[in-house]
Amino acid sequence: MIPLSYNIRSIARRRFSAGATILGLAMVVAVFALVMMAATGVKKTLKGTGSPANAIFLRKGATSELVSAISRDGAKTFAADPNVAQEGGKAVASPELYVIAQVDRVDGSGPANVAFRGFTADGYNLLRKDTVKVVQGRLPREGTSEVMIGKAALGRYVGATLGGSIKKARREWPVVGVFDADGSAFDSEIWVDVEQLAQAFNRTGFYSTMTVKLRSPSDFPALKAVVDADTRFLAEVKREDDYYESVSGGLTAFITILGTIIAIFFSFGATLGAMITMYAQVASRVREIGTLRALGFRRRTVLLSFIIESLMLSLAGAVVGCAFASLFGLVKFTMVNFGTFTETRFQLSFGPNVAIGASLFAIFMGLVGGILPAIRAARIPIVEATKG
Amino acid sequence: MTTNGKSIVEIRNLRKVYTRDRQEVVVLDGINLDIAEGAFEALMGPSGSGKSTLLNLIAGIDAPTAGTLRVAGEDVSQLSEGQRAAWRARHIGFIFQFYNLLPVLSAEENVEMPLLLTSLSGAERKKRVHTALGLVGLSDRMDHTPKQLSGGQQQRVAIARALVADPTIIVADEPTGDLDRKSAEEVLQLLTTLNKTMGKTIVMVTHDAHAAEAATVQRRLDKGVLT
Ligand SMILES: Nc1ncnc2c1ncn2[C@@H]1O[C@H](COP(=O)(O)OP(=O)(O)OP(=O)(O)O)[C@@H](O)[C@H]1O
Ligand SMILES: [Mg+2]
């Protein structure tokens, strides 16, 4: 084994080219890490919107709340199912109406699709209260057009301030409260009494979905069996967290694919840079390599040594790139969620999976960039290399 | 000279031919040579006569075109690339004209390199390295890198590296070729000591008749033939 200190000091001896190479690799690693952070952030936001202890009823085949409908009879029937938790003689169930409307942005950049969610007082008090907390003002009163808005929507749209009023569907919707749903997708929504929303948007007679608390998370299969067997209401039931995750699938895939294409594109440059640097290292160390071989170090030992050296460059790039990307760990960004076509606020999230993924990517670049120069090093003829 | 009559190098009908532009250049033409264990031989001859080529063949870093070559009891030309590397590590100590130390390593680390191919422990390696550097009179320069040493000192580090793993043969190609008179003298003195007191077999290529006098046997190579 050729000592690693030999590689480290050889890199240090040509600081400038090594530094430039590391920066190039770091840039690609950072792009890659940011993509992963965005994808992880989207997943986390949407998955965090649901809980495995809850189940959501949708129309059979509906892929999102937007295209879902549940009749009021159906909602009543399923809420009474024994697998649904009860509290004080009432089913822990929140029938909700989900409507998307265009609201002008405050910054003048035109209208955005914003989700309005109609809710019931019982549904809120029994099911949503713990995760959707009113942090400013108060809850909207039943039978009025009062709304409360999520903290990510606060100040984003015209009228979306506490004490302000949003104009939509020939109505004024006064904002009486602001809620915090702990970074989930609810935070980008506007919540209002379900009956008022239904009237304003002509959606009476139906809910979009109904979310219930399971008596116990293990009761889900039993509930699903009941719903699947029922042919009257054409409904289906999913675990709430699974549902929200599947809604994020398209968006996560989009970010991942687009980002990966960008990262791969850049990685050609960085890999080529690493390769050029390593070729230069080999060329300027021909005599050293020949001497090592004469002393009895094998071809494969020399090969390995240069691959390790290339990996050192790429791992340094990974560290710098990840450090840079982690600075963006608290940045929030807004994107249209393809599942619901609404604007949703996500947060970049740097975690061990990002660090590991980015490092693997860097290792890959180091291997690809280092292999050919290392092969050249291993093939250097000893006699020519060792003489003056 | 402490030869015991046993040959450590046995060369029979050795040929080395280079083909360049479809033209054959015969560098060595039917060489026969025996070198006894414990000998200190000097190989002289005009430039281009094939001295280095012969030395490289003995040292197992080049392969012959024809003939047999037994060195340290092994038919070197029959060994695979990997086997030859292991064989060199075990049997050959190299001294080059331009020292060929690794520039980023200290004298101590340079001398330790051949020992990394043995199974010696770190402590054992250190002990041997210090002994070798003491022998060449550089105990106080262990932490110096080659750049911080004079040419003569670098060559002495290289000699320490060549002997540290206790090889069967030390090969030296123009070891004084790049040195001033005084440093050259020191190097020759060291080689003589290695040969006389430690019984090392040494094969040295040199241009310099004075340097050749340090050896116990002088041979001449001319136009590919030993005389
Ligand atoms: N790779 C090669 N291809 C073709 N010819 C070569 C090659 N290596 C050496 N030669 C030729 O072989 C001959 C002997 O070379 P060698 O280096 O052994 O000479 P030398 O006696 O050591 O000379 P010097 O005293 O100048 O070092 C020279 O004519 C040289 O041109
Ligand atoms: Mg020569």
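Predicted model: local features only at pLDDT ≥ 70, side-chain atom pairs only at ≥ 80, totals over all residues.
Helices (H or I, at least four residues) and strands (E, at least two) are DSSP runs, numbered from the N terminus.

**Helix packing in chain A**

- Helix α2 (residues 15-49) of chain A packs against helix α9 (residues 299-326) of chain A at about 50°, and their axes are 7 Å apart. Axes here are lines fitted to C-alpha atoms, for helices over the stretch in contact, and angles run from 0 to 180 degrees between N-to-C directions.
- That angle makes α2(A) oblique to α9(A); under 35 degrees would be roughly parallel, over 145 roughly antiparallel, 65 to 115 roughly perpendicular, and the rest is oblique.
- On the α2(A) side, the residues in contact (heavy atoms within 4.5 Å) include Ala18(A), Leu25(A), Val29(A) and Met37(A), while those of α9(A) include Leu313(A), Gly317(A), Val320(A) and Phe324(A).
- By class, this contact has 16 nonpolar, four polar and no charged residues. Ala, Val, Leu, Ile, Met, Phe, Trp, Tyr, Cys and Pro count as nonpolar, Asp, Glu, Lys and Arg as charged, and the others, Gly among them, as polar.
- Ser305(A) also sits in helix α9 of chain A. With 4% relative accessibility, Ser305(A) counts as buried (under 20% relative accessible area; exposed is over 50%, partly exposed in between, with a 1.4 Å probe and protein chains only).
- Setting aside neighbours within four places in sequence, Ser305(A) is in contact with Ile2(A) and Asn7(A).

**Strand pairing in chain A**

- Strand β8 (residues 147-150) of chain A runs parallel to strand β10 (residues 171-180) of chain A, joined by four bridges; two strands pair if DSSP finds at least two bridges between them. Val147(A) has Val175(A) as its bridge partner in β10(A).
- β8(A) also runs antiparallel to strand β11 (residues 190-193) of chain A, with three bridges. Here Ile149(A) is partnered by Ile190(A).

**Sheets in chain B**

- One open sheet has four strands in the order β2-β1-β4-β5 (chain B), with antiparallel pairing. Its edges are β2 (23-36) and β5 (74-75) of chain B; each has a single partner strand, so one side of each lacks a neighbour in the sheet.
- Helix α1 (residues 51-58) of chain B lies across β1, β2 and β4 (66-71) of chain B, at about 125° to β1(B).
- Another open sheet has six strands in the order β6-β7-β8-β3-β9-β10 (chain B), and its pairing is mixed. β6 (92-95) and β10 (225-226) of chain B are the edge strands, each pairing on one side only.

**Ile61(B)**

- Ile61(B) is in the loop between α1 and β4 of chain B, and is buried at a relative accessible area of 9%.
- Leaving aside neighbours within four places in sequence, its contacts include Ala294(A), Ile382(A) and Val383(A), as well as Arg84(B) and Phe94(B).

Methods:
Residues numbered from 1 in each chain as written. Chains lettered and ligands numbered in written order. Heavy atoms only, no water.
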